[in-house]
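Me: I would like to learn how to read a structure that I have not seen before. Please take the features in turn, with the general idea ahead of the case.

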Amino acid sequence: RLRRWALGELRPGSLSASGLMTDNGSGSGLAAVAFDIDGVFKYGREWSPDGYSALQRLAAANIPHVFVTNGGGGLTEKSYASGFAAKVTGAASNASDPAPLMSDENMILSYSPWKRALGAELANRRVLLVGDPYDKVTQVAESYGLRRAVHYQDYARRHSTLNPFRQAKEDGGSHTAVDNKTTGAMGSAQRSQQPPAADADDTDPFAAVLVMCDPFEWFEALQCIVDILCSPTPAISEYDPSVPPVPVHFSNPDVLWKAQHPYPRFGQGAFKIALKALYHTRLRSLRVPEETHDEMVASSFRQWGKPTEATFRFLEERLRAFASAPAAGGARAERFYMVGDNPASDIEGVRRANIFHKAKGNDTAWKGVLVKTGVYKDGDETNGATTVVAGVAEAVDWILACEREHAK
């Protein structure tokens, strides 16, 4: 019978409650698996018929797993996991019981580490929230305890001149002066080029920008962020050299991702590239010394998601929590497997993690399992993947074979 190893079964404050998986027979630590989602369980809008049974085979072998994605779509972990479970189950040719664990407990989205890493620090600070859909990302921010998060579209609406194209889009006209609805002579107040009237919060500086997921309105989001990088009170001052640029947290470094289109599409990493270029350009227009630009960007831009160290340390903690085994003396998981489709994120994360653990002199090691159902195609650079397999079913078969060999 399959063992339950959901974190929800733990006693409060304990990682050693009964019911967690025990040593799988190796006697030298435990194995655990991290799965990417896009390109592994789904290909655009098509879902693998093999995912459900592959997870069942892992559970039958008492090998815990988590899902880690550079996506999230602005959903909560619970909502994402619910939809994911329904899709994986629905795609299965024979979804028999017992069902593998697919819940918020083993679902890690690109921004999941922020709740613990940033939630307390920014709980009562003003932050700009970037990403869409609006209602979804604001719900996530609220669930993370970010009480004063301001969505970029709300900020643009409150400051109607921030985006000269918004009103034109809503009116169905042009943003040019000859076609907009402004009439009459320009008074001295209009000629003064003063910033728009501030609202009640505008004297309170922004403490951070959180790029949770891809914004629908790139122009508006980019303009908001560049303004805040130049001044934490952008409705009051154009540029404030007396304070460092506010931190901008990016949840996902992927420049390309596998969507429904036959070729990869731009992701949040592309948005970051555009932002960096525009920030440099804006600093030049403000006559900020060129030699300071790179340092300003480096001190402000903070990356999360695979393959960053921050996300892989968070991922390892979650895997160890699942793999904690009182019957084996609390031995922590030492053999981690990453199943992914992207050499630049999934396998690069494995490579960096192994460098980290080797430098620390500990026994934790990662193996990268690259599948051919996503970004990676035959002939591409594998970035040192341990093995390349056809899909998720073959990936699990290979992991189980490795564990049988290890147990000998």
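Predicted model: local features only at pLDDT ≥ 70, side-chain atom pairs only at ≥ 80, totals over all residues.

Me: How many helices and strands does the protein chain have?
Reply: Helices (H or I, at least four residues) and strands (E, at least two) are DSSP runs, numbered from the N terminus. The protein chain has 14 helices and 15 strands.

Me: What share of the residues of the protein chain counts as buried?
Reply: Buried means under 20% relative accessible area, exposed over 50%, and partly exposed in between, with a 1.4 Å probe and protein chains only. Of the 408 residues here, 49% are buried.

Me: Which residues of helix α11 are buried?
Reply: Helix α11 covers residues 293-300, and His293, Met296, Val297 and Ser300 are its buried residues. They lie on the same side of α11 because they cover an arc of only 95 degrees around the axis; the arc is that of the directions from the helix axis to the C-beta atoms. On the other side of α11, Asp294, Glu295 and Ala298 are exposed.

Me: What do the buried residues of α11 pack against?
Reply: They pack against α9 (218-230), β9 (248-250), α10 (268-285) and β12 (301-303). Contact means heavy atoms within 4.5 Å.

Me: Is Phe271 buried or exposed?
Reply: Phe271 lies in helix α10 and is buried, at 0% relative accessibility. Not counting residues up to four places away in sequence, Phe271 touches Val130, Val211, Pro215, Trp218, Ala221, Leu222 and Ile225.

Me: Where does Thr69 lie?
Reply: Thr69 is in the loop between β4 (65-68) and α2 (77-91). Thr69 is also buried, with a relative accessible area of 2%. Its contacts beyond four places in sequence include Asp36, Tyr80, Ser110 and Lys306.

Me: Which residues touch the most other members of the largest nonpolar core?
Reply: In soluble globular proteins, nonpolar side chains tend to be buried together. A nonpolar core is a set of buried Ala, Val, Leu, Ile, Met, Phe, Trp, Tyr and Cys residues joined through side-chain atoms within 4.5 Å. Of the 49 residues in the largest one, Phe35, Phe41, Phe67, Phe84 and Val339 touch the most other members. Helix α14 (residues 392-407) gives the largest share of this core, 6 residues. A second, separate core of 30 residues includes Val150, Tyr152, Leu162 and Val209.

Me: How much space lies in the second largest pocket?
Reply: On a 1 Å grid over the protein atoms alone, a pocket is an open set of points where a 1.4 Å probe fits, with protein on both sides within 12 Å along at least five of seven lines; lining residues have an atom within 4 Å of a point. Grid points are joined across faces, edges and corners, and a volume is the space filled by probe spheres set on the points. The second largest pocket holds about 1,000 Å³. Of its 41 lining residues, Asp38, Lys42, Gly73, Tyr80 and Trp257 are the closest to its centre.

Me: Which element gives the most to the lining of the second largest pocket?
Reply: That is α2, with 5 residues.

Methods
Residues numbered from 1 in each chain as written. Heavy atoms only, no water.
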